[in-house]
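The sequence and structure are shown first.

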Amino acid sequence: MKAAVFDGEELEIKTVADPRISDTKVLINVKSVGLCGTDIAIIKKSLPSPTPIILGHEFAGDVVKIGDNVDPKWLNKRVTSEINTNIDFSCFYCKKGKYTQCVSRKALGIDIDGALAEYIALESYLLHEIPDSISYDDATFIEPLAAAYQIFETMPLDANDKVMAIFGLGKLGLLITQIALLKGLKLIVVDSSHKKLKLAKKLGAQKVLNRFDGPYVPDWIKSLTRGLGADITIDATGNPLAIKDVIASCRTLGKVHLKSTHGLDTSINLTDAIVRELTLYTSRCGPFDKAIQGLKDGTIDVEKLISKKYPLKDIDKAIDFNNISQDHIKTIIHI
Ligand SMILES: [Zn+2]
């Protein structure tokens with residue numbers, strides 16, 4: 001089969017052996033894959049990954065073959081999957097139901113071969129059925145949308161949480177924008193792309209700030225929040241340098257949520273965070289059921305977030321587009 005393989009230096013389309021299924025696995029014919037900042041971070045070698053590796057973890061496809069011990073209901077189903085596989089179901093975290101942090105977990109397309117290929121073989125426990133009303137392209141948003149929902153699973157809101165500032169309007173930032181608005185938060189969004197800021201405004205963000213157009217962003221946010229800063233600030237930039245502003249823009253006793261996984265070192269003024277008693281949150285993978293429901297009932301719009309679509313053979317063009325275009329949000333690869 002054809003697959004996009006990163007060999008440690010370059011991402012290339014190669015012909016590799018078809019994956020084989022065991023008794024507990026299914027074979028999926030991949031239809032659509034979304035490129036993620038994580039894929040780009042691996043290609044740029046800021047996020048370490050074993051090589052050679054087939055990248056891709058935001059995907060949708062059809063189950064075309066099932067192992068002997070797999071529930072027959074999965075055959076021919078349209079599916080997407082969780083990204084953490086190799087779960088032992090017995091470790092400290094698994095016993096607490098936190099399978100995404102299993103000590104033996106391997107992440108698809110990051111630690112082991114992923115979905116930028118004609119086929120992928122996966123354990124059936126990872127699967128989620130895609131409702132008919134959700135297209136394959138839209139279904140590639142289920143994994144990142146679940147990760148966006150996870151912010152609110154791990155960071156409970158209280159009566160003082162009224163204003164959220166979101167830094168970075170990539171795919172994740174624009175998904176977080178939509179969930180935060182549904183939760184009734186007032187939003188300040190920060191990016192350097194006028195096009196993305198315009199989209200955030202259209203989605204309902206109350207204030208949009210282009211970081212190149214105004215004063216020092218934390219001062220700007222304070223000027224909009226009675227001199228205090230936002231109750232919650234979110235880093236979804238993928239840029240380690242932005243985290244300083246994310247912390248400085250949060251009001252004293254507020255909440256900071258760090259969401260970018262760029263793999264790069266950063267330095268922050270922790271003393272400021274300590275003195276002002278900020279609470280720092282992080283989160284990763286989230287609830288697929290909520291993400292599927294959000295797409296199914298139409299409360300989350302992902303169509304507007306698709307910037308371009310490429311066939312697998314043009315993966316290098318897709319990566320170039322991702323790297324060059326300031327305005328790109330999400331690139332889809334058709335297999
Ligand atoms: Zn475990």
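## Backbone features

Proline 52 sits in the loop that runs between H1 and strand S4 (53-54); helices (H or I, at least four residues) and strands (E, at least two) are DSSP runs, numbered from the N terminus. The peptide bond joining threonine 51 and proline 52 is cis, with omega about -5°. The model is a predicted one, in which local features need pLDDT of at least 70 and side-chain atom pairs count only at pLDDT 80 or more, while totals for chains, interfaces and linings use all residues. Residue numbers start from 1 along each chain as its sequence is written.

Positive phi values are found at asparagine 76 and at glutamate 277. The table sets out their values and places.

| Residue | Phi | Loop between |
|---|---|---|
| Glutamate 277 | about 50° | helix H9 (270-275) and strand S16 (279-282) |

Asparagine 76 is exposed, because 11 other C-beta atoms lie within 10 Å. Glutamate 277 also counts as exposed, with 9 C-beta neighbours inside 10 Å. On this scale a residue is buried if 20 or more other C-beta atoms lie within 10 Å of its own, exposed if 12 or fewer, and partly exposed in between, with C-beta atoms placed from the backbone.

## Helix H11

Helix H11 (residues 315-324) has Ile315, Ala318 and Ile319 as buried residues. They lie on the same side of H11, because they cover an arc of only 100° around the axis; the arc is that of the directions from the helix axis to the C-beta atoms. Asp320 and Ile324 are exposed and belong to the face of H11 turned away from its buried side. The cover over the buried residues of H11 includes H1, strand S1 (2-6), strand S2 (11-15), strand S17 (306-311) and strand S18 (330-334).

## Domains

The chain is divided into domain 1 (2-143 + 286-334) and domain 2 (156-282), with bounds from an automatic or database domain assignment. Between the C-alpha centres of domain 1 and domain 2 there are 28 Å. Contacts link 14 residues of domain 1 with 16 residues of domain 2, a contact being two residues whose C-beta atoms, placed from the backbone, lie within 7 Å. Helix H1 (residues 37-43) supplies three residues, the largest share of the side of domain 1 that touches domain 2.
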